[in-house]
Amino acid sequence: MTDIFFYHLERQPLERVLPQLLERTLERGWRAVVETDSDDRVEALSTLLWAYTEEGFLPHGTARDGGAEDQPVWITASNDNPNKASVRFFVGGVEPSGFEGLERAVLVFDGADPEAVERARRIWKDARDDGHEVSYWQQDESGRWQNKAKSSSGS
């Protein structure tokens with residue numbers, strides 16, 4: 001079963017959080033797909049990852065770039081997995097179509113959006129009921145992520 005992490009954005013926007021989560025993913029030697037809600041958002045996230053820090057960039061690609069098999073991070077507005085990623089990020093309100101073949105799924109949702117919060121709750125329940133290990137992450141006052149809840153199908 002897939003481990004599913006829910007990241008509740010309250011203190012920082014996606015543009016600050018996503019690069020940090022992707023860095024940690026790459027440090028573990030994993031490949032990632034970031035699925036978002038539109039081609040415009042794909043391009044915005046790609047631009048962000050090229051310049052989000054002065055020290056460097058996060059290697060990534062999009063359909064416009066090609067060469068998916070060589071990219072450790074692939075950004076898409078569809079449910080493809082051309083770089084054979086084991087971790088998939090769902091951002092921009094995207095609902096997972098499934099978790100098959102993934103080691104980890106990460107749902108990042110906006111805590112200021114009541115619809116996003118309700119959608120995350122529903123996905124949590126469905127994933128737990130399907131036997132996946134789910135955990136809920138929230139930032140503390142210092143910006144560190146804390147695991148606030150964990151549940152499996154038996155919990």
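## Glutamate 35, a charged spot to start from

Glutamate 35 sits in strand β2 (helices, H or I with at least four residues, and strands, E with at least two, are DSSP runs numbered from the N terminus). This is a predicted model, where local features need pLDDT of at least 70, side-chain atom pairs count only at pLDDT 80 or more, and totals for chains, interfaces and linings use all residues. Residues are numbered from 1 along each chain as its sequence is written, and side-chain values use heavy atoms, with hydrogens and water left out.

Is glutamate 35 buried or exposed? With a relative accessible area of 8%, glutamate 35 is buried (buried means under 20% relative accessible area, exposed over 50%, partly exposed in between, using a 1.4 Å probe and protein chains only). Its side chain joins that of arginine 88 in a polar contact of 2.9 Å. A polar contact is a pair of N or O atoms within 3.5 Å; within protein, one must be able to donate a hydrogen and the other to accept it, and residues adjacent in sequence count only if both atoms are side-chain atoms. Not counting residues up to four places away in sequence, glutamate 35 also touches others, including Thr76, Ser78, Asn79 and Phe90 (contact means heavy atoms within 4.5 Å).

## Strand β2 and its partners

Look along β2: Ala32 and Val34 point one way, Val33 and Glu35 the other way, and all are buried. β2 pairs with β3 in the parallel sense over 4 bridges (two strands pair if DSSP finds at least two bridges between them). In β3, threonine 76 is the bridge partner of glutamate 35. To get from β2 to β3 the chain goes through α2, and this β-α-β crossover is right-handed: with the strands pointing away from the viewer, the path from the first strand over the helix to the second runs clockwise.

β2 also pairs with β4, again in the parallel sense over 4 bridges. There, alanine 32 stands opposite valine 87.

## The nonpolar cores

Which residues touch the most other members of the largest nonpolar core? They are Tyr7, Leu22, Val34, Leu45, Phe89, Val106 and Val108, out of 25 residues. A nonpolar core is a set of buried Ala, Val, Leu, Ile, Met, Phe, Trp, Tyr and Cys residues joined through side-chain atoms within 4.5 Å. The elements that each supply at least two residues of this core include β1 (3-9), α1 (14-27) and β5 (104-110), and the largest share, 5 residues, comes from α1. Apart from this core lies another of 17 residues, among them Phe99, Ala105, Val117 and Tyr136.

## Aromatic rings

The whole structure holds 7 aromatic pairs (rings of Phe, Tyr and Trp, taking its six-membered ring, pair if their centres lie within 6.5 Å; planes under 30 degrees apart count as stacked, over 60 as edge-to-face and the rest as tilted). Phenylalanine 5 and tyrosine 7 have ring centres 6.5 Å apart and planes at 35 degrees, so they make a tilted pair. Both residues are buried, and Phe5, Tyr7, Trp137 and Trp145 form one aromatic cluster.

## Histidine 8 in strand β1

Histidine 8 lies in strand β1 and is buried, with a relative accessible area of 11%. Its side chain makes a polar contact of 2.5 Å with the side chain of tyrosine 136. Leaving aside neighbours within four places in sequence, histidine 8 is in contact with residues that include Phe109, Val117, Trp137 and Trp145.
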